[in-house]
Amino acid sequence: MKRVYRILASAVVIGALLGGCTIASAADVYDYDGVHSSVSFKARHLDISWIHGRFNDVSGAFSLDREEPSKSTFSLVIQADSVDTANEARDKHLRQPDYFDTKQYPTIEFKSTSTKAIDGGYEVTGDFTMHGTTKEITLVLKGGEEHVFKDIKRVAFSTELSLKRSDYGFDPKAIGPIGDKVLIMIDCEGVQK
C-alpha cells in the first residue's frame with residue numbers, strides 16, 4: 001500500500017510541476033520606444049502646399065516570431081490630443097469636433113489581425129480606428145533588423161500609409177482648405193521587454 005501512495009504522490013508532484021510550467025514562446029516582445037520613434041503626418045493646404053504635424057504621445061508593443069511570422073502581433077495607440085503642428089492655435093482647432101474631436105475620440109489605434117513575412121519586412125493587416133470609425137488596413141513594415149545596444153535588444157520598422165479623412169467620419173465642411181488625403185509616416189523602434 002505504501003508503494004501505491006508513493007507512486008500517487010510522485011504523480012501529483014510531477015503533474016503540479018508540468019501544470020505550472022509555461023511553454024516558452026518563440027516570439028520576442030518589444031515595447032514602443034517613444035524616444036527613438038515617431039508618428040508624423042502631412043496634408044495638403046489649399047492644394048498648393050503641405051501642412052506637417054506629429055503626435056507626441058504614442059505607445060504600443062509588438063511580438064515578433066521569426067520562425068512563424070503569422071504569430072507576430074503589432075499594436076499602436078496614439079493620444080489624439082497630442083497632435084502638434086508647431087502652431088498652438090491650429091493644434092487647439094484640430095482637437096475640436098470638426099476635426100479629431102479628441103474629447104469624444106481620445107485615441108487613434110491599430111491592432112493587427114494577421115502578419116506575413118515579405119521581402120525586407122512584414123505585411124501586417126489589422127483594424128485601424130480613428131474618429132470612432134474602424135477600418136481594416138494593411139501596413140507594409142520595412143526593416144526588422146535586430147541590434148543590441150547596452151545589452152538591450154532593439155528592432156525597428158518604418159511604414160507609410162495614405163488615408164482619407166472622409167472615410168473616418170470627419171466633418172465634410174472641414175475638408176477643403178485642408179485636403180481629404182493624409183499621409184502618415186511611422187518610424188517605430190522597439191525595446192525588448
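**Entry 1: salt bridges**

I searched the whole structure and found nine salt bridges. The model is a predicted one, and I keep that in mind throughout.

I looked up Lys153 first. Lys153 pairs with Asp28 in a salt bridge, with 3.0 Å between the closest N and O atoms. I then checked where the partners sit. Asp28 belongs to strand E1 (residues 28-32) and Lys153 to strand E10 (residues 152-164), so this pair ties together parts that are 125 residues apart in sequence.

I turned next to Arg44 and Asp47. Their side chains form a salt bridge, 3.4 Å from N to O. Is Asp47 buried or exposed? I read 58% relative accessibility for Asp47, so it counts as exposed. Arg44 has a relative accessible area of 24% and is partly exposed. The cut-off for exposed is over 50%, and partly exposed begins where buried, under 20%, ends.

**Entry 2: Thr138**

I located Thr138 in strand E9 (residues 133-149). Its relative accessibility is 42%, so I put Thr138 down as partly exposed.

What does Thr138 touch beyond its neighbours within four places in sequence? I listed Glu123, Val124 and Thr125. The side chains of Thr138 and Thr125 make a polar contact at 2.9 Å.

I also took one C-alpha separation. Thr138 and Asp127 are eleven residues apart along the chain, and their C-alpha atoms are separated by 8.8 Å.

**Entry 3: Ser112**

I moved on to Ser112, which I placed in strand E7 (residues 107-118). Is Ser112 buried or exposed? I read 13% relative accessibility, so Ser112 counts as buried.

I then collected its contacts, leaving out residues up to four places away in sequence. Ser112 touches Ser72, Thr73 and Phe74, and also Val124, Thr125 and Gly126. I compared this with my Thr138 entry. Val124 and Thr125 are among the contacts of Ser112, and Thr138 is in contact with Val124 and Thr125 too.

Conventions:
Residues are numbered from 1 along each chain as its sequence is written. This is a predicted model: local features need pLDDT of at least 70, side-chain atom pairs count only at pLDDT 80 or more; totals for chains, interfaces and linings use all residues. Side-chain values use heavy atoms; hydrogens and water are left out. Helices (H or I, at least four residues) and strands (E, at least two) are DSSP runs, numbered from the N terminus. Buried means under 20% relative accessible area, exposed over 50%, partly exposed in between (1.4 Å probe, protein chains only). Contact means heavy atoms within 4.5 Å. A polar contact is a pair of N or O atoms within 3.5 Å; within protein, one must be able to donate a hydrogen and the other to accept it, and residues adjacent in sequence count only if both atoms are side-chain atoms. A salt bridge is a side-chain nitrogen of Lys or Arg within 4 Å of a carboxyl oxygen of Asp or Glu.
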